[in-house]
Amino acid sequence: MATRGRPRTFDPDVVLRQALDLFWRRGYEGTSLSDLAQAMGIASASIYACFGSKADLFRQVMQLYGATAGAPPRRALNERPSARAAIHAMLRATADQISRPDAPHYCMLILAAPTGAVENHEVREFLADIRRSQFTAIKDRLVRGVADGDLTASDADIDAIARYYATVVQGLSVQARDGATRAELETVITCAMAAWDGLGSAQRTSTF
């Protein structure tokens, strides 16, 4: 059966990356559909046909962002042998990503749409849900540390520790956006890890 309509003359993966770059530089509300059409090199109608609305496109962009820039901190959190080492590596990987010379100096999950028009509430909630999942991932890693025996903490301690380090991750992004260098971000991480032994119950020493 013949396919109706014209075949695509663009690679969806390539233009999605172009949309990511634009949203990353300008944020959600600072990016118009005409801006996207120009950056992606396709007509607005083609954007709708391939990706849906601007909000739909942004959700797909954030999936790509999570699979690329968001992957190193996530791997660091999951792959290190102890809870302390995992948190430290996650923070350092985050600082590496938000201080790259080839990308804007902030995390899209934190600053792509922090506030804005009422009609964009669903987009902000979409990002908030992802941030909440980051908190949950940190908390799950701490629970694993308790199970492995390298962390001693109550359930309330674990929740507080996870929330503290999730806050540090978000703060690093704000600092980077405002001009903090990678070395300056490292001083924040050093302070955050110095706080480890004072958070929760008695912590067991772990190696990096």
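## Close-up views of rings and helix contacts

**View 1. Charged side chains over aromatic rings.** In this predicted model, the charged end of Arg59 sits over the ring of Phe126 at 5.7 Å from its centre, where a charge counts as over a ring if NZ of Lys or CZ of Arg is within 6 Å of the ring centre and within 35 degrees of the ring normal. Arg163 likewise lies over the face of Phe135, and here the distance from the ring centre is 4.2 Å. As the model is predicted, local features need pLDDT of at least 70 and side-chain atom pairs count only at pLDDT 80 or more, while totals for chains, interfaces and linings use all residues. Residues are numbered from 1 along each chain as its sequence is written, and side-chain values use heavy atoms, with hydrogens and water left out.

**View 2. The aromatic pair of Trp24 and Tyr65.** Searching the whole structure gives six aromatic pairs; rings of Phe, Tyr and Trp (its six-membered ring) pair if their centres lie within 6.5 Å, and planes under 30 degrees apart count as stacked, over 60 as edge-to-face and the rest as tilted. The ring centres of Trp24 and Tyr65 are 5.1 Å apart and their planes stand at 90°, so this pair is edge-to-face. Trp24 belongs to helix α1 (residues 12-26) and Tyr65 to helix α4 (residues 54-67), so that the pair links distant parts of the chain, 41 residues apart; helices (H or I, at least four residues) are DSSP runs, numbered from the N terminus. Both Trp24 and Tyr65 are buried, a word that means under 20% relative accessible area, with exposed meaning over 50% and partly exposed lying in between (1.4 Å probe, protein chains only).

View 3. Tyr164 and Tyr165 form an edge-to-face pair, with 4.8 Å from centre to centre and 75° between the planes. Tyr164 counts as partly exposed at 30% relative accessibility, whereas Tyr165, at 0%, counts as buried. Elsewhere, ring pairs join Phe23, Tyr28 and Phe58 into a cluster.

**View 4. Helix α8 against helix α9.** Helix α8 (residues 121-148) packs with helix α9 (residues 155-177) at an angle of about 135°, and their axes are 9 Å apart; axes are lines fitted to C-alpha atoms, for helices over the stretch in contact, and angles run from 0 to 180 degrees between N-to-C directions. That angle makes α8 oblique to α9, since angles under 35 degrees count as roughly parallel, over 145 as roughly antiparallel, 65 to 115 as roughly perpendicular and the rest as oblique. Among the residues that meet are Phe135, Ile138 and Leu142 in α8 and Ile158, Arg163 and Tyr165 in α9, where contact means heavy atoms within 4.5 Å.

**View 5. Helix α6 against helix α8.** Helix α6 (residues 83-98) and α8 pack at an angle of about 155°, with axes 9 Å apart, and the two helices are therefore roughly antiparallel to each other. On the α6 side the contact is made by Ala83, Ala86, Ile87 and Met90, and on the α8 side by Ile138, Arg141, Leu142 and Gly145.

**View 6. The surroundings of Val169.** Val169 has its place in helix α9 and is buried, with a relative accessible area of 12%. Not counting residues up to four places away in sequence, Val169 touches Met90, Leu91 and Thr94.
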